[in-house]
Amino acid sequence: METWESVDDFFSATIVREDDALLNALRESRKHGLPEWEVSPAQGQFLYILAKMAKAKRILELGTLGGYSTIWLARALPDDGALVTLEYDEKYAEVARGNIDYAGLSDKVTVMQGAAAGLMKSLVAGGEPPFDMIFIDADKPNNPLYLELALKLSARGTVIFGDNVVRDGELANAQSTDPKVRGVREYIADLGRSPNIISTGLQTVGCKGYDGFTISIVE
Ligand SMILES: C[S@@+](CC[C@H](N)C(=O)[O-])C[C@H]1O[C@@H](n2cnc3c(N)ncnc32)[C@H](O)[C@@H]1O
């Protein structure tokens with residue numbers, strides 16, 4: 001773990017461009033007592049690169065927290081791009097709005113407060129156009145439902161990213177009774193069964209410990 005952190009520190013000191021707006025988001029989040037659940041700086045810049053690679057114009061994020069990953073993703077959007085981010089906790093959503101405003105991204109980002117599943121259902125019912133990238137980073141027990149709804153908000157080429165699925169390797173434990181582990185196991189099994197999605201999973205280590213993600217593309 002010490003080595004993983006040193007390597008992340010080296011990346012942060014060399015290639016990761018975590019500027020004042022991102023540092024402010026972390027500072028404000030700690031000041032308001034939000035948990036340290038953000039992606040790492042290197043992971044944030046990875047999301048930025050992915051969004052650019054996907055040429056994403058419309059991004060949906062599940063799980064805003066204080067808006068740290070939101071800022072990374074929204075910065076990858078073109079001038080006419082838009083990001084919708086869903087957060088259950090009222091206080092977190094308020095802190096995120098302030099951080100997004102500080103980053104000068106309020107015109108591109110909409111923070112919707114409420115349970116992600118209900119909000120996604122209302123987006124589907126309202127005829128929301130498909131998103132180019134969907135970042136699933138909220139409560140893991142609901143991941144299978146989030147996938148089902150994400151597919152209704154997708155089109156060919158949509159990239160779906162599922163964060164924190166490895167969970168210290170517990171992902172491989174079929175006997176786990178942890179609802180988070182069961183949620184990510186079912187989510188991944190659903191991905192494998194979906195004929196029109198190609199997915200892979202990658203394990204990661206770093207300052208956030210041992211975890212990993214799935215990345216999928218709708219074909
Ligand atoms: C891992 S954190 C998100 C971190 C953030 N994406 C980042 O990297 O900066 C997960 C977030 O999901 C939110 N959350 C939990 N259950 C939720 C739900 N049912 N609907 C929407 N958000 C939820 C939590 O309040 C928390 O802020």
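How many bridges join β6 to strand β7, and which way do the two run? I looked this up before anything else.

**Ground rules.** I am working with a predicted model, so I kept in mind that local features need pLDDT of at least 70, that side-chain atom pairs count only at pLDDT 80 or more, and that totals for chains, interfaces and linings use all residues. Residues are numbered from 1 along each chain as its sequence is written, and side-chain values use heavy atoms, with hydrogens and water left out. Helices (H or I, at least four residues) and strands (E, at least two) are DSSP runs, numbered from the N terminus.

**The sheet.** I found 10 bridges between β6 and β7 (residues 209–218), and the two run antiparallel. Thr200 stands opposite Ile215 of β7. I then followed the whole sheet: it is open, has seven strands with mixed pairing, and reads β3-β2-β1-β4-β5-β7-β6. Strands pair here if DSSP finds at least two bridges between them. The edges are β3 (109–113) and β6 (197–206); each has a single partner strand, so one side of each is left without a neighbour in the sheet. From one strand to the next, the twist averages 15 degrees.

**Strand β4.** I noted four bridges joining β1 to β4, running parallel, and four joining β4 to β5, also parallel. Met133 of β4 is the bridge partner of Ile59, and Met133 also stands opposite Val159 in β5. In a regular strand the side chains alternate between the two faces of the sheet. I checked both faces of β4: Met133 and Phe135 on one side, Ile134 and Ile136 on the other, are all buried (under 20% relative accessible area, with exposed over 50% and partly exposed in between; 1.4 Å probe, protein chains only).

**Helices over the sheet.** I saw helix α6 (residues 116–125) lying across β1 (58–62), β2 (82–87) and β3, at about 150 degrees to β1. Helix α8 (residues 179–193) lies across β4 (133–136), β5 (159–162), β6 and β7, at about 30 degrees to β7. Axes are lines fitted to C-alpha atoms, for helices over the stretch in contact, and angles run from 0 to 180 degrees between N-to-C directions.

**α2 against α5.** How do these two helices cross? The axes of α2 (residues 20–31) and α5 (residues 90–102) come within 9 Å and cross at roughly 160 degrees. That makes the pair roughly antiparallel (over 145 degrees; under 35 is roughly parallel, 65 to 115 roughly perpendicular and the rest oblique). I listed the contact residues (heavy atoms within 4.5 Å): Asp20, Ala21, Asn24, Ala25, Glu28 and Ser29 of α2, with Val95, Asn99 and Tyr102 of α5.

**α6 against α7.** I found the axes of α6 and α7 (residues 143–152) within 10 Å of each other, crossing at roughly 20 degrees. The two are therefore roughly parallel. Ala116, Ala117, Met120, Lys121 and Val124 of α6 meet Leu145, Tyr146, Leu149, Ala150 and Lys152 of α7.

**Ser69.** Is Ser69 buried or exposed? I read Ser69 as buried, with a relative accessible area of 6%. Ser69 sits in helix α4 (residues 68–74). Leaving out residues up to four places away in sequence, Ser69 touches Val39, Leu47, Glu61 and Phe135. I also noted that Ser69 and Ala25 are 44 residues apart in sequence, with 9.6 Å between them in space, C-alpha to C-alpha.
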